[in-house]
Amino acid sequence: MELGFTLVYAVTMIVALQGNILLMYIVWRKCETRTLTSFLFVNMAIADLLIAVFQMPFSMAHFYGSEFTGAVGNLFYRFVFYLVNVSMKASIFSLVVMAFDRYFAVIHPLKRMIWFRRAKIILTIILMASWTLMAVTPFFYMAEDSLGKCFYTDERIPRVLFSTYLLLINYIMPLAIISALYIIIARKIWFHEIPGQLDSFRQIPRKKVVRTLIITMVVFAVCWFPIPVLQMNFAVTAEITWHPFAFYSIYWLGQNNSAINPWLYIGLNGKMNAAFKTMI
């Protein structure tokens, strides 16, 4: 089973590296693709690359144990888990910003905040918020000297509280905000006439953009949802009762989102898809 998952992880890592590097290259080379949404996807691509470069090899090595023990192991595991959590937080924050951007564009087209449209400012805010909110994570993991594997330590805070914090910050709160915004947007676009001079023909691109972002959000939610469920189950029961196949599959599914995201955006976004076709 470990060999099979190693091969699956290897393929996923290759697809993730190719897709995210390609997405960044398209935005860099093709000026027509440079929008706030595309820059936010680039931000997600960077986060996904970090997962592909650090977490996926770490997950493969974890099948067979590792040589990281003692102080070196503690530093390594804390760095990896901090990086993974920051990457996930940056991705979910990017999705939240995309939802707010579409909300202002559709619901309040004349009241859009100028600073909100500046990619450098909003990306800096996303990174700083991700680093800050996840700054506590390195203090709760350490290496097990006998096997060289990583485990959670309850010395500072109970596992249940820490898992609840991650569940709320990384999943429930942002997805609740995103869902509420897209429900308002969908009602406005599909069931009400948008005020102003926008006719039905000009509303079509907006519908496509919103549809792309909703699909991206749903895929993200589906891929990452099993992990907090597993973590909460382990936090409450203090033991892993799930079958190893299910355990490995759940963590692979979450990391597989890093391979899905870039290809999803390239495939669903008209300008990105056209730019990609001119390059092949």
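Helices are DSSP runs (H or I, at least four residues), numbered from the N terminus. The model is predicted: local features need pLDDT of at least 70, side-chain atom pairs count only at pLDDT 80 or more, and totals for chains, interfaces and linings use all residues. Residues are numbered from 1 along each chain as its sequence is written, and side-chain values use heavy atoms, without hydrogens and water.

View A. Ile46, Leu50, Val53, Phe54 and Phe79 make up the patch, which has about 390 Å² of accessible area together (Shrake-Rupley method, 1.4 Å probe). Patch residues have over 30% relative accessible area and no salt bridge, with nonpolar side chains joined within 5 Å.

**View B. Packing of helix α7 (residues 226-237) with helix α8 (residues 244-268).** Contact (heavy atoms within 4.5 Å) involves Pro226, Ile227, Leu230 and Gln231 of α7 and Phe247, Ile250, Tyr251, Leu253 and Gly254 of α8. By class, seven of these residues are nonpolar, two polar and none charged.

**View C. Packing of α8 with helix α9 (residues 270-279).** Here the angle is about 95°, with axes 5 Å apart, and α8 and α9 are therefore roughly perpendicular. Trp263, Tyr265, Ile266, Gly267 and Leu268 of α8 meet Gly270, Met272, Asn273 and Phe276 of α9. This contact has six nonpolar, three polar and no charged residues.

Conventions: Axes fitted to C-alpha atoms, helices over the stretch in contact; angles between N-to-C directions. Helix = DSSP H or I, 4+ residues; strand = E, 2+ residues; numbered from the N terminus. Nonpolar A, V, L, I, M, F, W, Y, C, P; charged D, E, K, R; others polar. Patch = residues over 30% accessible without salt bridge, like charges linked within 9 Å, V, L, I, M, F, W, Y side chains within 5 Å. Salt bridge = Lys/Arg side-chain N within 4 Å of Asp/Glu carboxyl O. Parallel < 35°, antiparallel > 145°, perpendicular 65-115°, else oblique.
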